[in-house]
Amino acid sequence: MTRKSLAILLALVSLVQAVPANRDLQSNGEGPSALQLLQERVELKSRKPREQKLSPEQRALLTASASQQQLANATADPEEEGGGKVKSAAEVSGVALNAEGDLAAFLTALATNVVTLLLFFLGASWLRKRYPLVYSGNVVANDVPFTPEDSFFGWWSASSQLTIDDAAEYAGLDQAMLLSFMQEAVKLLAIVGFPLVFIVGPLHWKFGGDRAGDDNLSKWGLANVVDDHPWLYWLHCVIVWFVVLATQRSVYGSMREFLVRRGTWLKEMPVPRSTTVLVEGIPEDKCSDNELKAYFDAIFEGPVVEKAMVIKDTTELLETIKIRDAAQLNLDAATFKNEADAMDTYREQLAEAEKEVKEVRGKILKQSQTVGGINLSCGFVTFINRRDAELAKMMAFTPDQDEFDVEIPPDPADVIYSDLQRDPTAQQVRDIIGYALVAGVFWAYMP
């Protein structure tokens with residue numbers, strides 16, 4: 001660091017200390033301004049050592065400024081900073097703390113939640129008996145590991161007997177993992193909550209120092225512990241690590257169980273789903289059935305693809321199908337009412353609608369032979385053997401990660417074709433808006 005830079009740095013430090021005192025002096029007209037003092041200090045520090053001498057007036061001014069600053073620091077309130085009281089995290093975020101009388105409100109809310117939970121249980125029991133096809137469809141179809149009792153609360157005991165493996169086999173892996181997630185949450189809350197409620201809570205209440213006063217709701221929490229408690233804060237260090245280690249162990253154990261179930265599910269996946277992949281981000285020059293099939297055959301250097309199908313824009317066809325279905329519904333209603341004239345009219349409408357559907361379908365099939373057009377950027381590719389399908393999921397086909405994004409397809413019954421028909425540009429705009437809204441939520445709640 002050069003001598004001049006050091007002089008400027010020392011001058012700035014001195015200015016920070018001298019500004020409050022100088023402001024008072026200047027307001028009374030008893031001394032130079034802070035800027036003048038800074039200029040003088042810079043000039044003095046940049047001179048030769050033999051010239052770095054202060055005049056008696058300047059030395060007295062600096063001594064008075066330093067004395068006033070030390071006096072202000074000694075008499076300042078430790079809870080004040082920058083002229084204002086230091087706020088707690090609750091005050092900054094606008095969260096209301098517990099207060100006297102909140103225990104009654106807490107108990108009321110707890111009782112309300114318990115009653116609501118019981119009402120939901122009773123409602124589910126009644127709906128199961130009233131609408132069995134909706135709420136017990138698998139039982140009616142005899143697609144269950146065991147049949148529940150045909151009583152009002154028969155499903156309770158059946159639910160307790162059901163295992164995650166049974167749910168994965170009869171309802172699918174997604175539903176089984178949802179049940180596993182809820183069971184994991186219950187287990188984790190029991191592991192962590194028991195010592196916190198029945199061990200740490202009583203210690204707060206008995207040995208915390210009664211900091212909460214008349215706030216009975218806070219006596220069970222850390223708000224009842226006085227500052228500088230000799231051992232309770234050290235106990236919380238142990239509790240924090242207990243929660244971290246217990247959570248990590250439980251989550252990792254659930255993950256290991258999930259990997260086993262997922263491996264089993266992948267091995268048992270039936271054909272053709274096991275040999276089919278969903279391809280998103282197809283470039284425009286490959287947007288046709290033939291071009292997509294030829295591309296993957298060229299990648300694997302051989303005829304490995306059994307069939308490739310690019311999603312088509314079928315908006316016009318769907319409109320004509322709606323008209324046909326409406327005509328069919330009207331014809332069924334007229335037939336049920338035995339209205340001869342209306343039946344003839346609806347038959348003619350249905351015939352015209354069927355003809356239009358056939359024409360639109362033929363036009364779409366013809367247009368789909370050309371690249372682009374009604375062919376969209378998503379599609380399904382079915383390979384001859386599963387090995388090639390698995391390899392395709394692991395490959396990077398182009399430097400752009402958004403092109404040829406290959407993944408496991410959903411179950412045929414779960415495919416939502418309207419989502420696959422969305423415009424990629426419009427989808428990117430929606431994603432950006434979504435990210436912006438999420439960021440806005442965080443920004444709105446920032447202190």
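The structure is a predicted model, in which local features need pLDDT of at least 70 and side-chain atom pairs count only at pLDDT 80 or more, while totals for chains, interfaces and linings use all residues. Residues are numbered from 1 along each chain as its sequence is written, and side-chain values use heavy atoms, with hydrogens and water left out.

The protein has 17 helices and six strands; these are DSSP runs numbered from the N terminus, with helices (H or I) of at least four residues and strands (E) of at least two. Of its 447 residues, 25% count as buried, where buried means under 20% relative accessible area, exposed means over 50% and partly exposed lies in between (1.4 Å probe, protein chains only). Contacts are heavy atoms within 4.5 Å. Among those with a separation of 6 or more, residues 24 or more positions apart account for 64%.

We may turn to the sheet. Four strands form an open sheet in the order S4-S5-S3-S6, with antiparallel pairing; two strands are taken to pair if DSSP finds at least two bridges between them. S4 and strand S6 (405-407) stand at the edges with a single partner strand each, so one side of each has no neighbour in the sheet. On average, neighbouring strands are turned by 25 degrees against each other, direction ignored. Such angles are taken between axes, which are lines fitted to C-alpha atoms (for helices over the stretch in contact), and run from 0 to 180 degrees between N-to-C directions.

The pairings can be followed strand by strand. S4 and S5 are joined over six bridges in the antiparallel sense, and here Val310 stands opposite Gly379 in S5. Gly379 is also the bridge partner of Val279. S3 and S5 pair over five bridges, again antiparallel, with Glu280 opposite Cys378 and Leu278 opposite Phe380. On S6, Leu278 faces Glu407, and the antiparallel pairing of S3 with S6 covers three bridges. Both S3 and S5 are mostly covered: four of the five residues of S3 are buried, as are nine of the nine residues of S5. Helix H15 packs on this sheet, touching S3, S5 and S6, and its direction makes about 140 degrees with that of S5.

In soluble globular proteins, nonpolar side chains tend to be buried together. A nonpolar core is defined here as a set of buried Ala, Val, Leu, Ile, Met, Phe, Trp, Tyr and Cys residues joined through side-chain atoms within 4.5 Å. The largest such core has 19 residues, and those with the most contacts inside it are Val279, Leu292, Phe296, Val381, Phe383 and Phe404. Two or more residues each come from strand S3 (276-280), helix H12 (289-299), strand S4 (305-312), strand S5 (375-383) and helix H15 (386-394). Leu292 touches Ile282, Lys286, Ala308, Val310, Val381 and Phe404, not counting residues up to four places away in sequence. Apart from this core lies another, of seven residues, including Leu376, Cys378, Val415 and Leu420.

After H10 comes Gly209, whose phi is positive, near 105 degrees.

The buried residues of H10, among them Leu173, Met177, Leu188 and His204, pack against helix H9 (164-170) and helix H11 (232-267). Glu184 is located in H10 and is buried, with a relative accessible area of 12%. Beyond its neighbours within four places in sequence, Glu184 is in contact with Ser250, Val251 and Ser254. Trp265 lies in H11 and counts as partly exposed at 25% relative accessibility. Leaving aside neighbours within four places in sequence, Trp265 is in contact with Leu173 and Arg273. Trp265 and Gly172 are 93 residues apart in sequence, yet 9.0 Å apart in space, C-alpha to C-alpha.
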